[in-house]
Amino acid sequence: LASYSPEEKYVEEYLNNNQIDVILNVLDSNNLERNLYLTLQCQKAGIPMVGALNMYDELEKRGDSIDTKKLSERFGMKFYPTTSKYGKGLKELFDEVVVAKGTAPKFEKYNRSLDTRNTGECYDFINKILDGIYTKSKNGKSKFTARIDALVTNRWLGFLIFALIIYIMFGLTFDWVGNHLMQYIEIVFNWLGDVVGEILPEGWFRDLICDGIIAGVGGVTVFLPNILILYLCVSFLEDSGYMARAAFILDRIMRVFGLHGKSFIPMICGFGCNVPAIMSTRAIENRKSRLVTILVVSLFSCSARTPIYNVLANAFFPNYVTPLIFSLYAVGVILALGLAKLFSLFLVKEKEMNYLMELPEYPKEYIKKMATIILSASIIIWFLSNFPRVSEGELISQNEKSYLGQIGKFIEPAFKPMGATWKMDIGLLTGIGAKEIVVSTLSILYGEDNGGKGNDDDLNKISESLSDRLKANGDMNPRSAYAYMLFILLYFPCVATVSAIGNEAGWKWASFVTVYTTALAWLVATTFYQVSSLF
């Protein structure tokens with residue numbers, strides 16, 4: 001309760017300003033000293049308290065032991081060993097909570113003279129209490145954990161293992177497993193489009209359903225396996241305890257760039273979704289340190305960008321999908337660290353910080369997006385790309401005459417230096433709302449364009465994948481495709497991310513992120529395209 005983060009301040013204010021019957025303090029038995037420090041701070045509130053020594057089974061497996069009776073006597077409150085995963089010790093714990101309600105706490109006498117803001121004094125006090133009642137085994141960590149830690153936290157080998165783990169994660173997501181599952185979903189949506197096209201009579205309504213809704217939403221839905229696999233990989237790394245070890249081995253590198261090793265946690269969270277990544281920075285003690293992390297975390301490519309990478313990589317780099325996408329993530333990380341150093345020079349000198357992270361249930365949010373935002377956007381994009389309609393005899397395609405085409409033509413000169421066409425530019429504009437919509441937009445714009453004169457044969461045949469259509473169209477080449485992916489990687493975070501930055505850091509900084517990321521994206525993409533064109 002050092003009151004550094006908003007959550008800590010809220011808890012401290014609630015304890016001090018509200019009538020509370022009893023506190024149930026859940027401690028991690030495997031980090032007892034640090035958890036008892038929080039217990040001392042909570043005791044200052046003068047509220048009856050019961051302690052749960054949770055994950056006690058792990059402590060026993062390690063060969064450690066705690067005399068809970070003597071610990072209770074010395075601390076002036078009851079402690080019960082529990083293993084909540086299996087429900088062990090919970091009945092006795094809750095019975096004691098009921099008994100403790102309304103009683104006078106016994107720990108007030110000694111705690112009154114203790115300065116809980118003095119960390120050294122508190123830990124000296126805790127060590128004296130634990131002396132003789134907390135026995136640690138000679139092995140400390142379990143042999144299994146110790147052997148793994150000897151490898152993954154090794155000064156040099158640890159970095160290689162980290163890079164290999166991340167590469168395998170991308171391989172599973174984008175190549176070895178994800179793309180195979182995508183093909184089955186794509187077949188389903190192609191079949192659905194064919195069936196609906198045969199049932200509905202020819203006209204604008206059939207075009208809306210088949211080319212707008214089914215093609216638009218289906219073009220994004222096929223990438224759900226990639227999102228799920230990426231989310232599961234990040235969740236597994238967190239639950240296995242590897243995330244904390246990765247933060248430890250990266251600490252030295254992060255400090256070079258004006259960050260702390262623990263800033264790595266919200267950054268990795270950004271690979272799932274930038275919004276919870278920004279919110280997870282709340283527990284960073286120093287506001288300026290927290291601000292630096294917020295300013296650069298959107299450069300860590302969120303999974304919403306995954307479908308775009310996958311489409312373009314399969315179209316123009318089919319034999320190098322995993323290395324190419326890995327390179328994009330690497331570019332984002334390198335630029336984020338470089339800018340963090342730049343920002344920290346005039347924003348902050350890094351200090352020690354705590355961290356807190358809870359991974360979001362991103363797949364559920366992704367499905368919700370498909371049912372709401374992406375569906376709505378697909379309908380709007382279809383309308384803008386199909387009206388005004390091409391009249392008979394006009395020598396112009398429907399896409400070019402449409403409202404969307406007119407907008408694209410207007411902004412085309414600004415993006416031409418990076419090799420983008422007006423259709424690609426429109427994808428960037430619609431991506432402001434949500435990056436998944438870029439694929440939906442391209443799927444509609446690069447669909448069958450027959451000048452508004454579709455026929456049954458065109459509608460009933462199994463359409464090519466978006467990757468095939470992009471490659472066959474000729475608007476892009478490998479250089480412009482990679483430049484486009486670089487722009488997608490770096491530019492304007494989605495509206496939800498900007499909103500999160502505004503709420504957490506202020507709208508001045510949200511505007512700054514919007515402007516600087518867009519300018520950076522244009523500069524990097526244009527530089528790559530122009531330089532690569534020389535070779």
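Let's start with aspartate 95, which forms a salt bridge with lysine 91, the closest N and O atoms being 3.2 Å apart. A salt bridge here is a side-chain nitrogen of Lys or Arg within 4 Å of a carboxyl oxygen of Asp or Glu. Keep in mind that this is a predicted model, where local features need pLDDT of at least 70, side-chain atom pairs count only at pLDDT 80 or more, and totals for chains, interfaces and linings use all residues. Residues are numbered from 1 along each chain as its sequence is written, and side-chain values use heavy atoms, leaving out hydrogens and water.

Why are aspartate 95 and lysine 91 separated by about one helical turn? They sit four residues apart in helix H5, residues 90-100. (Helices are DSSP runs of H or I with at least four residues, strands are runs of E with at least two, and both are numbered from the N terminus.) Lysine 91 is exposed, with a relative accessible area of 60%, while aspartate 95 is partly exposed at 40%. For these labels, buried means under 20% relative accessible area, exposed means over 50%, and partly exposed is in between, using a 1.4 Å probe and protein chains only.

There are other pairs to look at, as a search of the whole structure finds twelve salt bridges. One of them joins the side chains of aspartate 115 and arginine 117, at 3.5 Å from N to O. Aspartate 115 is partly exposed at 31%, and arginine 117 is exposed at 75%. Lysine 401 and glutamate 394 also meet in a salt bridge, at 2.7 Å from N to O, and glutamate 394 counts as partly exposed at 33%.

Now for a helix pair. Helix H9 (residues 157-176) and helix H12 (residues 224-239) pack at an angle of about 155°, with their axes 8 Å apart. The axes are lines fitted to C-alpha atoms over the stretch in contact, and angles run from 0 to 180 degrees between N-to-C directions. H9 and H12 are therefore roughly antiparallel to each other, a label given to angles over 145 degrees.

Which residues in H9 and H12 meet? Ile165, Met169, Leu172, Thr173 and Phe174 in H9 meet Asn226, Ile229, Leu230, Cys233, Val234 and Leu237 in H12, where contact means heavy atoms within 4.5 Å. By class, this contact has nine nonpolar, two polar and no charged residues.

Zooming out, the protein has 30 helices and five strands. Buried residues make up 51% of its 535 residues.

Terms used. Parallel < 35°, antiparallel > 145°, perpendicular 65-115°, else oblique. Nonpolar A, V, L, I, M, F, W, Y, C, P; charged D, E, K, R; others polar.
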